[in-house]
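Hi there,

I'm handing this structure over to you, with some notes on what turned up in it. Have a look at it first, then read on.

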Amino acid sequence: MSPKAVRPVPLPGDAGMTGHDERNLGRLGLISAQKTVPATLRTWSRAVTLPDGRPASIVCTVSEGQTVPHGLDNDVMVGLISLCFEAGLPSDGKFSTSAYRLLKASGFPTTVQYYRILETALKRLTDAKYTVKEGWYRQGAQMWSTQMFSQVSYLAYNAKSELGGASVLTVRLADPIMENLRAGYIKPLDVAFYTSLSQPLVRALYRQLDARRFDEARSDGLAPGFSVALRDWADSLGILSARSDKVRDALSGAHSELVARHYLQDVVWRGRGMGAALEYVFGEPPQTQRPELVEQLLARGVKRGMALRLTNVFPDRIAQAARRFDHYLKTARTEVGNRGGLMVAMVTRPEDYAGLDAGAVPGASSASPRPAGAPAVPEQDLVQLEAKYEGEVAELSGQALLDWVLRQLSLTGLLRRLDASERSQLGERLTQGQLDGRQLVRRSIQALSQGQPAQDAVYQEVRDLLRGAWTPSLTP
């Protein structure tokens, strides 16, 4: 079996990759869909209309010498959200990954050109400041709010050279985003379909359309279509031209692609100029080859639209989630108010309900953050994972091995204790074969069960090795 074929934790960008989208980001269009924008464009503002018809506003500003986020930056945010979920939505918001994995999660080729594009996009996403006035929905508080943030609130990596496959990034998404991800204000995102679309504008359009197609207010959870004013739609997508013919030309190509892919059934233009309106008619709901899984979800209160999405995105999770759900209903001390929401959470965030397999009742909902420093996945799961894939991991090498090691060290909590320079050095040592990544993962897992002193000892060994000290237990 080749190293490339064996991946104990599926990496973003692989066939069959699943994903999520934070619903405010999907709806508000904070990143211009245009492939390019004027180099001098450092601010924009627009009015938006909320799903309940109330007005809100958004302002974006960047520093001197920067430009507002646009184009491929949308794809990088999709990748970051996917990797944040993969890291278990860490309680402090920080997660680490390789630049290679982020490229794959974003759907980009792993060429020198795209490493440069990635670095530029990350800088823009960190620099750009947004003010969303009375237009950001907080799931935990069940209210619309005003929020001021950068989509990436923290970014660290080795600045001595350009990004490459071994570069290790540490990222923290904005608090309002993290809060909603933990609270479940998300929808499944078909990342394979998203990344297969041809242009940034088509992908951004699909993301916004999909945010509107998912409609929990409807009995089946799916909207058949919707209408929108052309001027508002151009603003939402960040199309800068004020000429209706230019806007129409830009959208027509994207519409044609989504109709050809059967995501849209039709797009009807009504009226002329920028006062025109568009009526979108969605194609048939997602089909599934597993109707029995849809029925399991429907029987537990999930709406059909969400059930179809979950069946397509997470088919392997549903049977286990159903068992956990049924067990919880039998053992819960209070009545479950939102049965469908609980079932969705058990499918999308299974790690928060792992204790139910042993008959335990969780002490908190999926919205509850983990204690600081706690591993994102229970220790016993990490041990089982290591044992299950021991043979396959032995065959990993190069980038596949580096990605696997970083994933496991992130889950055990070791990676977050290293600073940006140390993480970059770690990536270089692993890539060059100067550090036994498999042994380091085993030591890190074992230390979890041995208490804080053991975890501190492993951390110190790694730091000593990165400083040039000889550490026989971790070197090949």
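Two strands pair if DSSP finds at least two bridges between them, and strands (E, at least two residues) and helices (H or I, at least four) are DSSP runs numbered from the N terminus. This is a predicted model, where local features need pLDDT of at least 70, side-chain atom pairs count only at pLDDT 80 or more, and totals for chains, interfaces and linings use all residues. Residues are numbered from 1 along each chain as its sequence is written, and side-chain values use heavy atoms, leaving out hydrogens and water.

Let's start with strand 3. Strand 2 (residues 43-49) runs antiparallel to strand 3 and is joined to it by seven bridges, with Thr49 partnering Pro55. The two form a hairpin with five residues between them, and Gly53 in the turn has a positive phi of about 95°. Strand 3 is also antiparallel to strand 5 (residues 129-138), through five bridges; there, Ile58 has Val132 as its partner. In a regular strand the side chains alternate between the two faces of the sheet. Strand 3 (residues 55-61) has Ala56, Ile58 and Cys60 on a covered face, and Pro55, Ser57, Val59 and Thr61 on an uncovered one.

Next, a helix pair. The axes of helix 2 (residues 73-86) and helix 4 (residues 112-127), lines fitted to C-alpha atoms over the stretch in contact, come within 9 Å and cross at roughly 80°. Helix 2 and helix 4 are therefore roughly perpendicular (65 to 115 degrees, on a scale from 0 to 180 between N-to-C directions).

Enjoy exploring!

How values were computed. Buried means under 20% relative accessible area, exposed over 50%, partly exposed in between (1.4 Å probe, protein chains only). Angles under 35 degrees count as roughly parallel, over 145 as roughly antiparallel, 65 to 115 as roughly perpendicular and the rest as oblique.
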